[in-house]
Amino acid sequence: MNRYADIVLPLAQPAYTYAVPDGLDIREGDAVAVQLGFRRIYTGIVWRMHDQRPDFPHIKPILRRLYGHPLVDARQRALWEWMAGYYMCTEGEVMRFALPQLIKPSGDTEEELLQRAYSPRTEAYVALAPDLLHEDCLHETMERLERRAPRQYAALLEIATADGDNRIATSEVPRRLLAADSATLTALRKKGFISIAHRERNVERGTARFQLPILSAAQRQCLDRIRKCFNEGSRTLLLHGITGSGKTEIYMHLMVETLAQENDVLLLVPEIAMTTQLIARLERIFGSRVTAYHSKLPLARRAESYLRLSRCTGGELVVGTRSALFLPLRKLRLIVVDEEHDAGYKQSDSQPRYNARDTAAVMARIYDAHTVLGSATPSLESYANALSGKYALATLAERYGDARLPHVIVSDTLRAVRRNERTAHFNALLLEHIEQALARGEQVMLFQNRRGFAPYVKCRNCGWTPRCPHCNVTLVYHKREERLQCHYCGHTESVPEHCPSCGAGKLLPAGFGTEKVEEELAKCLPQARIERLDRDTATSERACNEIISRFENGQSDILIGTQMITKGFDFARVSLVGILNADNLLLSPDFRAAERAFQLMMQVAGRAGRRDAAGEVIIQTGEPDHPVIRQVAAGDYEAMARTQLSERRLFSYPPYARLIRLTLRHRDREFLYEASAALAKALRGRFGRRAMGPVAPSVDRVRETYITEFLLKIETGASAAHARQVLRETVRTTLNDTAFKSVILSYDVDPQ
Ligand code: ADP
Ligand code: ZN
Ligand code: ZN
């Protein structure tokens with residue numbers, strides 16, 4: 001008899017054991033309501049049923065079962081378990097993040113729980129009364145109505161012909177698709193001519209036409225290779241296809257095969273902005289099968305999608321960001337991770353700190369599915385996996401159609417300065433080419449990487465810069481509101497009249513943000529219509545779309561932007577792309593700096609001249625001979641990968657070692673440093689030189705809390721599972737079980 005059940009609750013705790021009351025029919029994966037502590041009632045997931053009585057006296061009973069079917073199937077549970085083990089968190093933390101908020105209500109009383117419980121949106125469905133399905137009967141009724149009640153006649157006609165094909169409609173019609181008004185429908189119902197039922201909303205499948213694009217020879221070859229690899233047993237495949245080669249078209253062909261067999265497809269993209277564009281493209285082919293899923297959807301939509309999919313029998317296509325991989329796709333057979341190198345796949349701010357790309361590869365095994373990782377500039381981790389044969393590899397090395405690769409020009413900033421050929425942030429060469437492009441009626445995109453170079457204010461007299469009182473960072477200057485803001489805690493203040501440090505100087509804007517670039521470019525090119533796309537102007541999805549569509553329609557000439565403009569956009573009239581300062585990409589103090597710089601510059605370059613004419617890319621840099629600049633100019637991914645991989649091997653960085661970052665936080669700085677010193681000693685004892693730290697991160701105080709970090713390097717080949725276990729054990733004996741237990745700890749496995 002299974003009289004006990006281990007229940008996972010949405011907390012950073014292991015599963016709790018509850019008693020299964022007699023007569024309660026539950027299975028593993030069911031959602032149940034349980035009480036924790038004195039009052040609080042939570043939604044939990046039945047993880048394991050067993051008959052081992054735990055050794056504590058008061059075992060609480062499960063209160064009741066929620067929903068008519070399991071919320072989490074066996075494969076999802078296997079996934080959660082893998083994540084908890086690998087990313088060093090609990091299944092409960094995975095649950096907290098994986099299940100939409102509305103379907104796991106909690107409350108202080110049963111009533112509260114009930115109140116918060118999610119009930120799906122219902123919709124009215126209209127159908128003809130069974131009598132009227134006979135043609136004679138229908139005609140007779142219609143004739144009578146035609147003269148006496150023309151509106152009812154029109155409504156009945158609309159319902160009877162809803163199926164098309166000149167036949168009487170036998171199926172239900174969603175109310176919202178009918179033109180008839182409510183009074184008319186009510187009248188028809190009262191006369192017994194129609195029935196109206198309120199039910200949970202169905203997603204109409206429609207008859208998808210599946211009109212696929214015809215592939216070019218190169219694309220067909222690539223698709224054949226992918227099929228062959230999968231047929232020969234590969235689970236995960238890296239699709240390395242240059243920008244504009246048509247990776248999306250290949251995905252579509254793979255998807256259609258899976259959907260035709262009524263299996264599910266999951267397409268992941270790194271950013272919400274990209275889902276909108278891609279969905280429009282996919283809906284043209286797959287119609288209403290496409291479901292969007294990401295964290296900016298209304299809570300009810302997310303809950304609805306989750307519940308609907310958990311009852312679906314297959315044939316679903318979900319497009320979403322990293323959180324979509326927690327959806328209950330019962331027949332998942334194909335996962336596509338587009339732009340797999342993108343750092344947006346990694347969740348860094350809270351547990352589970354997972355990388356959706358790597359998780360998707362693990363899911364291929366769990367789901368007996370296939371995973372395609374697509375990119376023009378693959379992450380070195382995935383590329384190394386492809387080289388070693390762990391992943392299969394398919395390459396697509398030419399652009400689709402007549403599109404040619406852009407011509408890359410490297411413009412030496414220091415030389416421009418020496419020759420007096422630089423105005424503000426622009427070398428004369430760039431300005432000249434912009435003017436020429438505009439004169440030809442073409443458009444220009446300018447890219448400014450802002451990370452770490454946000455605008456700030458500085459005293460002209462003594463060099464003092466205002467900092468956040470709660471965090472150890474400079475405040476960012478927002479010109480429009482004339483205010484200073486902390487990007488870590490949100491603190492804002494006005495710009496002081498005089499420098500509080502020397503009491504004399506004036507505070508003037510400094511730094512190198514997109515806003516500044518826009519202002520200065522407008523001075524250089526007063527007649528050009530310039531727009532800017534970054535986090536300050538794209539305050540809402542609508543604002544963002546408006547800027548983009550103005551550019552698309554030719555209502556603006558130059559678009560200046562941050563990373564935001566590099567992704568997925570395909571503007572036909574852009575012939576010139578400028579990278580204003582490649583140096584802050586190259587010189588960032590991160591072992592991935594060179595890889596990132598290459599990826600970003602290639603992506604930016606890919607925006608130039610995508611249709612028939614080859615575009616131009618101008619890179620402004622003070623380091624024109626830097627190997628990465630040369631590799632970008634040559635479009636040589638393999639050269640970049642070779643150089644970087646050998647450096648990574650030499651210094652033991654991923655993919656040749658795994659990193660685990662451990663972060664310690666406390667409000668008392670001395671106390672934190674003492675705890676860190678104790679942990680350092682213990683870690684060194686167990687891991688030797690593989691344990692590095694403690695270090696204070698570049699922002700070492702946020703919201704009055706101090707921060708220190710450790711980094712653990714585990715060589716590939718050594719058992720990572722064992723290392724994690726030793727790490728946990730060391731942390732437990734030096735921090736959790738000691739006077740230092742108030743220190744807050746967090747793990748980040750494979751940090752970005
Ligand atoms: P990638 O994602 O590899 O950068 P896309 O899939 O966006 O490339 O394709 C680039 C452009 O070429 C798009 O405008 C796309 O519609 C077009 N294209 C690619 N392959 C085909 C094809 N087989 N038929 C029609 N258009 C195609
Ligand atoms: Zn001053
Ligand atoms: Zn702050």
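Which residues come nearest to ligand 1? In this predicted model, Ile214, Gln219, Gly244, Lys247 and Glu249 come nearest among the 16 residues around ligand 1, where a residue counts as near if one of its heavy atoms lies within 4 Å of the molecule. Residues are numbered from 1 along each chain as its sequence is written, and chains are lettered from A and ligands numbered from 1 in the order in which they are written. Because the model is predicted, local features need pLDDT of at least 70 and side-chain atom pairs count only at pLDDT 80 or more, while totals for chains, interfaces and linings use all residues, and side-chain values use heavy atoms, with hydrogens and water left out.

Ligand 1 has polar contacts, that is, pairs of N or O atoms within 3.5 Å. A nitrogen atom of the ligand lies 2.9 Å from a polar side-chain atom of glutamine 219, and a polar side-chain atom of tyrosine 400 lies 3.1 Å from a nitrogen atom of ligand 1. At glycine 244 a polar backbone atom is 2.7 Å from an oxygen atom of the ligand. Of the 560 Å² of accessible area that ligand 1 has on its own, the protein covers 77%, as computed by the Shrake-Rupley method with a 1.4 Å probe.

Turning to the domains, whose bounds come from an automatic or database assignment, the protein chain is given domain 1 (4–116), domain 2 (122–200), domain 3 (217–396), domain 4 (407–453 + 512–647) and domain 5 (657–749). The centres of domain 1 and domain 5, taken over C-alpha atoms, are separated by 31 Å, and their contact (heavy atoms within 4.5 Å) takes 6 residues from domain 1 and 7 residues from domain 5.

About 610 Å² is buried between domain 1 and domain 5, with carbon and sulfur atoms giving 59%; buried area here is the accessible area (1.4 Å probe) lost on putting two parts together, summed over both. Tyr86, Tyr87 and Met88 supply 91% of the area that domain 1 buries against domain 5.

Note on methods: Polar contact = N/O pair within 3.5 Å; in protein donor to acceptor, adjacent residues only side chain to side chain.
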